[in-house]
Amino acid sequence: MGCNRNYGLIAGAVIGAVLAVFGGILMPVGDLLIEKTIKKEVALEEGTTAYKNWVTTGTEVYRQFWIFDVQNPDEVAINSSNVKVKQRGPYTYRVRYLSKDNITHDPMTNTVSFVQPNGAIFEPSLSVGSENDNFTILNLAVAAAPHLYPNAFVQVLLNSLIKKSKSSMFQRRSVKEILWGYKDPFLSLVPYPISTTVGVFFPYNNTADGVFKVFNGKDDISKVGIIDTYKGKKSIYAVFAEELNLKGINVYRFVLPPKAFASPVQNPDNHCFCTDREVSNNCTFFGVLDISKCKEGKPVILSLPHLLHASPEIAETVEGLNPNEEEHKTYLDVEPITGFTLRFAKRLQVNILVKPAKKIEALKGLKRNYIVPILWLNETGTVGDEKAEMFKSQVTGKINLLGTVEMVLLSVGVVMFVAFMISYCACRSKTAK
């Protein structure tokens with residue numbers, strides 16, 4: 001009887017050991033099988049689930065705008081006072097709803113190239129007012145004139161046209177005009193062919209953004225959808241910040257680091273954004289990117305909203321800014337297994353550099369340089385509830401289930417093996433006595 005009992009205990013220990021070993025083996029093997037299945041479906045190639053959702057995104061993407069209304073235009077133009085601004089917004093548009101176009105695949109580099117057609121639909125229910133709300137903002141054409149035409153004689157001619165058109169340093173414009181364009185009265189008088197329409201994002205509708213080149217994920221699923229280059233150049237980067245839970249899905253949050261807007265002295269990669277050593281204090285100012293080279297010489301300066309992380313000297317000429325890390329930072333929430341971005345907020349501010357110009361009456365009262373904020377935007381998108389549930393069932397659900405099975409087998413196996421072995425040893429001890 002004792003012998004039979006010993007055999008039973010040994011058999012139980014063996015079964016426990018087998019379960020534990022099976023659970024241990026299942027970890028790498030099961031993970032490999034799951035990864036293979038996921039890799040097949042999340043790669044950006046024709047026929048996969050991910051590709052269908054990528055070509056035409058099902059996630060609603062919105063671009064919100066806050067306009068900086070200048071409160072003291074005359075004081076600035078005449079006395080060179082600080083610019084006092086008051087933001088108003090959001091004015092919200094739905095964007096990124098059109099299907100990607102000109103898609104080409106490169107199997108050698110495992111990348112996909114495409115352009116994103118642009119379109120914007122105003123969303124009144126998500127806005128504080130209508131597109132016809134008016135604001136006092138910098139006159140974009142007048143401010144750009146001395147940058148585009150530094151010759152004194154040409155500026156004298158331009159000054160006569162500015163006066164004839166009754167243009168000044170500041171102007172009243174609607175949200176729609178500021179964003180998407182308006183016919184400028186000063187430029188309309190210029191006697192040679194130039195574009196007479198001005199707007200922060202003109203032209204936009206019926207245009208396309210790109211070319212983007214992104215990784216398709218075939219060789220590394222963690223890179224799927226990540227931008228390799230934009231218009232043939234390296235894209236800006238983000239760094240890991242924290243792990244979060246989004247609708248039951250674990251995600252990694254990546255943020256735009258202050259180094260991305262650092263001065264060329266701090267970050268040599270930004271040397272191309274220093275085009276005016278006088279204005280940039282010998283390229284030591286940080287927190288702003290001069291993109292005038294990309295804008296045909298127009299003095300456009302990008303920054304984070306409210307000049308977050310910018311040199312204190314830059315904001316000295318502007319009153320009414322309140323930088324806030326949580327409200328104004330840019331971030332991406334990425335699902336680490338597939339590399340899919342499930343939530344993002346891209347926040348940027350558009351500013352214009354204004355210099356004194358003695359030959360242009362509208363600007364001759366200025367005694368210093370200004371970086372005048374025009375607006376800031378927040379382009380945001382979050383995976384919908386339905387897609388989040390589908391993602392959990394098809395990706396994270398399978399992984400979590402496999403992980404649970406692995407741990408149960410391993411735990412039960414180890415407990416069984418230890419318990420039966422202890423019982424067997426105790427039995428042998430009693431028999432020996």
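Student: Does tyrosine 230 count as buried, partly exposed or exposed?
Tutor: The model is predicted, so local features need pLDDT of at least 70 and side-chain atom pairs count only at pLDDT 80 or more, while totals for chains, interfaces and linings use all residues. Residues are numbered from 1 along each chain as its sequence is written, and side-chain values use heavy atoms, with hydrogens and water left out. With a 1.4 Å probe and protein chains only, buried means under 20% relative accessible area, exposed means over 50%, and partly exposed lies in between. Tyrosine 230 has 29% relative accessibility and therefore counts as partly exposed.

Student: How many aromatic pairs does the structure hold?
Tutor: Rings of Phe, Tyr and Trp (its six-membered ring) pair if their centres lie within 6.5 Å; planes under 30 degrees apart count as stacked, over 60 as edge-to-face and the rest as tilted. By this rule, the number of aromatic pairs is 13.

Student: Which kind of pair do phenylalanine 65 and tyrosine 93 form?
Tutor: Their ring centres are 5.9 Å apart and their planes stand at 75 degrees, so the pair is edge-to-face. Strands are DSSP runs of E with at least two residues, numbered from the N terminus. Phenylalanine 65 lies in strand E1 (residues 61-70) and tyrosine 93 in strand E2 (residues 83-95), 28 residues apart. To return to the kind of pair, the name is edge-to-face.

Student: Are phenylalanine 65 and tyrosine 93 buried or exposed?
Tutor: Phenylalanine 65 has a relative accessibility of 0%, so this residue counts as buried. Tyrosine 93, at 1% relative accessible area, is also buried.

Student: Which kind of pair do phenylalanine 212 and tyrosine 230 form?
Tutor: Phenylalanine 212 belongs to strand E10 (residues 208-215) and tyrosine 230 to strand E11 (residues 227-230). The centres are 4.9 Å apart with 40 degrees between the planes, and this aromatic pair is tilted.

Student: Which residue in E11 is the bridge partner of phenylalanine 212?
Tutor: Two strands pair if DSSP finds at least two bridges between them. E10 and E11 run antiparallel and are joined by three bridges. In E11, the bridge partner of phenylalanine 212 is tyrosine 230.

Student: Which are the edge strands of the open sheet?
Tutor: Five strands form this sheet in the order E3-E4-E10-E11-E12, with antiparallel pairing. An edge strand here pairs on one side only, and the two are strand E3 (101-106) and strand E12 (233-234).

Technical notes:
Helix = DSSP H or I, 4+ residues; strand = E, 2+ residues; numbered from the N terminus.
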